[in-house]
Amino acid sequence: MSSLSAKASHGSHEKPLYSSSTSGKFSQPQIQHRKGLLGTLARHQIDGPLVAILTILGTYTLFPNSFAKKFLFFQEYDPTTNTYEKSWEDLYFCLFWVTAFTFLRATVMTYILMPMAARLGATTDRSILRFAEQGWICIYYSCSWVLGMYCIQLTPTWNNWFVWFHTDQFFDSYPLTALPVITKYYYWLQFSFWIQQMFVLCIEAPRKDFLAMISHHLVTVLLIICSFLLDVTTFGTAVFVSMDLADIVLSLGKCLKYIGMPDSICDPVFACFMFIWIYTRHFLYGHIIYAWTVYAGEYYSKTTHYTIIGLLLVLQSLMFFWLWSIFRIVYKMFASKGGVVDDRSEDEEETVTAPEHVHHNTKQRR
């Protein structure tokens with residue numbers, strides 16, 4: 001669920017990542033971090049989480065029944081129904097995966113995606129870093145969307161592949177105090193991911209759309225928390241799958257742009273993204289808002305009912321804000337008779353930012 005971020009820039013004013021020497025060494029981007037504690041956290045997104053992860057895994061290996069078990073597994077399991085009940089101890093699992101996602105993101109970006117970007121043709125600090133960021137998003141959302149679609153199809157809410165949801169079935173199994181194993185893990189992994197996304201936004205140098213993004217993430221996290229407290233995780237799963245698909249195509253299109261793919265490839269991907277955005281984030285998500293507005297009043301107080309409506313509409317208003325940016329991109333594309341150019345990239349004031357770990361000596365052949 002991300003906004004349109006800046007398109008790849010291949011201008012000659014940026015320092016190339018490849019040195020001119022014959023050694024073919026991979027030169028790391030020039031980095032500027034926040035100052036103070038946030039900067040320290042940004043510089044240690046691999047080694048810091050790795051120590052915590054190894055400590056928990058090592059403790060569990062040596063002492064299987066120790067406190068470390070709570071970080072790795074849910075506790076309230078009912079073998080007769082193969083479900084997990086809600087428990088405040090689930091927060092330990094969330095904390096572990098916030099740490100794990102921080103480690104995984106930084107590691108995959110540094111040691112896989114950044115060298116890959118250089119091999120595929122990204123030649124500047126900015127383009128190689130942005131490729132890595134969007135590549136990680138593409139990988140994560142591809143996995144989460146497939147798993148989310150599987151989970152939603154286990155519920156009576158699932159309709160068909162044209163209109164995904166039965167709006168009158170969201171409360172069919174209310175209250176959902178126990179979740180199937182796969183759904184429980186999916187939902188808490190998603191929650192952990194969004195907490196980690198907020199963490200990344202806060203520790204890394206802010207960009208032009210920081211306010212819109214942090215607002216979006218905050219509303220998303222609040223809706224997830226409310227779905228837990230109100231026992232309506234089916235609504236949350238529906239929101240997840242209706243949002244994630246567009247991000248897969250968007251991040252893929254950005255990656256193609258960052259490595260210099262021609263407009264004949266990038267423009268069709270953008271057109272596909274625009275269609276998916278409107279279909280999933282406005283048409284399908286509109287069904288979710290309708291379902292809550294019409295049916296939730298039977299189960300909750302007016303205060304709760306209207307508070308959730310407000311949060312859902314705030315999220316939708318942000319989607320319309322970014323849809324307007326998409327239309328502006330399309331207009332500029334036709335007006336200039338050129339390829340897709342991100343609406344906010346021309347005047348974006350940003351500094352290439354990445355964790356300290358990207359300074360490690362990574363070698364890459366031409």
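1. In this predicted model, pLDDT (the predictor's confidence in each residue, from 0 to 100) stays under 50 over residues 343-366, for which the model has 85 contacts (heavy atoms within 4.5 Å) beyond four places in sequence. Residues 1-24 likewise stay under 50, with 98 such contacts.

2. The protein has a mean pLDDT of 84, and 82% of its residues reach 70 or more. Confidence is lowest in helix α1 (residues 36-43), at a mean of 79, and highest in helix α2 (residues 47-62), at 96. Helices (H or I, at least four residues) and strands (E, at least two) are DSSP runs, numbered from the N terminus.

3. Three strands form an open antiparallel sheet in the order β1-β2-β3; strands pair if DSSP finds at least two bridges between them. β1 (77-78) and β3 (178-180) are the edge strands, each with a single partner, so one side of each lacks a neighbour in the sheet. Three bridges join β2 (residues 83-85) to β3, and Thr83 has Pro180 as its bridge partner in β3.

4. Thr233 lies in helix α8 (residues 233-258). Its relative accessibility is 4%, so Thr233 counts as buried (under 20% relative accessible area, 1.4 Å probe, protein chains only). Beyond four places in sequence, Thr233 touches Leu176, Leu179, Tyr187, Ser227 and Phe228.

5. Local features need pLDDT of at least 70 and side-chain atom pairs count only at 80 or more, whereas totals for chains, interfaces and linings use all residues. Residues are numbered from 1 along each chain as its sequence is written, and side-chain values use heavy atoms, with hydrogens and water left out.

Methods
Buried means under 20% relative accessible area, exposed over 50%, partly exposed in between (1.4 Å probe, protein chains only).
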